[in-house]
Amino acid sequence: MEKIWSGIKGVTRVAIRIIVEALHRVAINIFDSLFGFLNWPEKKLRVRIFILQDPQANAEVSATDLDKAIEYAKRSFKKNFNTRLLPHKYSQQFAEVLQEKAPHEVLYTKGSVGALAEEFTIAGSFFASNLSGSFYPITAFVVLDIDQATGCSLGPLTDYVTLDPDGAKNASTLAHEIAHACGLWHLGSKSNLLWRTFSRGDEVKWWQKNIFRSSRHVTYW
Ligand SMILES: [Zn+2]
């Protein structure tokens, strides 16, 4: 019964997000959909990072391990999208350890297609119940392992991204996954922020600015 319920809730969550995202891109953020490349005026993006821990194991990641990734994302989003990265409204800091115990399916998640399937299971319900807000802020969960990846995002279908310890300690992975959440997909150019691996650069194309700035996560308030 719990599985069926998780499935129903997951499908409803994703469907609502598709509608909310479309509404932002064609109505609320229409100016940025068309003229986002102008990078004006400054917008805001709020992110909260929750580090999940296995109570049976030693902590692999501490909040300060994410300093490099947060600084990188701040600098990159300001430079590329004129968007200020801010912590959650009710929090002074970006990253903290989540005290709630995470189930095994959450600590060891799957990347890409597997992650989409997980959105409709108990793992998806756990992420949803620990979001730091619906639709607008992005929550980044640091898990213990992601199958064949160091980070994962389901794009605009969810309000969260995941990072494994390597992804969390790497400078550019957080910014890369947030960019996915804001609607950007992989590009075959090594100098671009949307290059798949750690060797990525920090550049973006003009049309990527339009897509990023018209995301529901990138707001004027
Ligand atoms: Zn990616």
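The second largest cavity of this predicted model is lined by Arg13, Arg17, Glu119, Ala128, Leu131, Leu157, Thr158, Asp159 and Tyr160, where a cavity is a set of points, on a 1 Å grid over the protein atoms alone, at which a 1.4 Å probe fits but cannot get out, and where lining residues have an atom within 4 Å of a point. Its volume is about 30 Å³, a volume being the space filled by probe spheres set on the points, with grid points joined across faces, edges and corners. This lining divides into four nonpolar, one polar and four charged residues; Ala, Val, Leu, Ile, Met, Phe, Trp, Tyr, Cys and Pro count as nonpolar, Asp, Glu, Lys and Arg as charged, and the others, Gly among them, as polar. Residues are numbered from 1 along each chain as its sequence is written. Local features need pLDDT of at least 70 and side-chain atom pairs count only at pLDDT 80 or more, whereas totals for chains, interfaces and linings use all residues, and side-chain values use heavy atoms, with hydrogens and water left out.

Of the 15 residues that line the largest cavity, Ala115, Phe127, Leu154, Tyr160 and Thr162 are the closest to its centre. Two or more lining residues are given by each of strand 4 (108-110), helix 5 (112-118), helix 6 (122-129), strand 7 (151-153) and strand 8 (160-163), the helices (H or I, at least four residues) and strands (E, at least two) being DSSP runs numbered from the N terminus. By class, the lining of the largest cavity holds seven nonpolar, five polar and three charged residues.

The largest pocket, by contrast an open set with protein on both sides within 12 Å along at least five of seven lines, contains about 480 Å³ of space. Of its 23 lining residues, those closest to the centre are Ser112, Gly151, His180, His186 and Arg196. Strand 7 and helix 8 are the elements that give two or more residues to this lining, and the largest share, four residues, comes from helix 8. The pocket lining comprises six nonpolar, 13 polar and four charged residues.

His180 and His186 also take part in the zinc site, in which the ion is coordinated by His176 (NE2), His180 (NE2) and His186 (NE2) at 2.0 to 2.1 Å. Donors are N, O and S atoms within 2.8 Å of the metal (3.2 Å for Na, K and Ca), and water is not among the atoms, so sites may look incomplete. The donor residues follow the spacing H-x3-H-x5-H in sequence. His176 and His180 are separated by about one helical turn, because they lie four residues apart in helix 8 (residues 173-181). Nine of the nine residues of helix 8 are buried, so this helix is largely enclosed by the rest of the structure; buried means under 20% relative accessible area, with a 1.4 Å probe and protein chains only. Just after helix 8, Gly183 takes a positive phi of about 100°.

Strand 1 (residues 43-51) is likewise largely enclosed by the rest of the structure, since seven of its nine residues are buried. Strand 1 pairs in the parallel sense with strand 2 (residues 83-87) over five bridges, two strands being paired if DSSP finds at least two bridges between them. Five bridges also join strand 1 to strand 5 (residues 138-142), again in parallel. Val47 has Pro87 as its bridge partner in strand 2 and Ile138 as its bridge partner in strand 5.

Key:
Buried means under 20% relative accessible area, exposed over 50%, partly exposed in between (1.4 Å probe, protein chains only).
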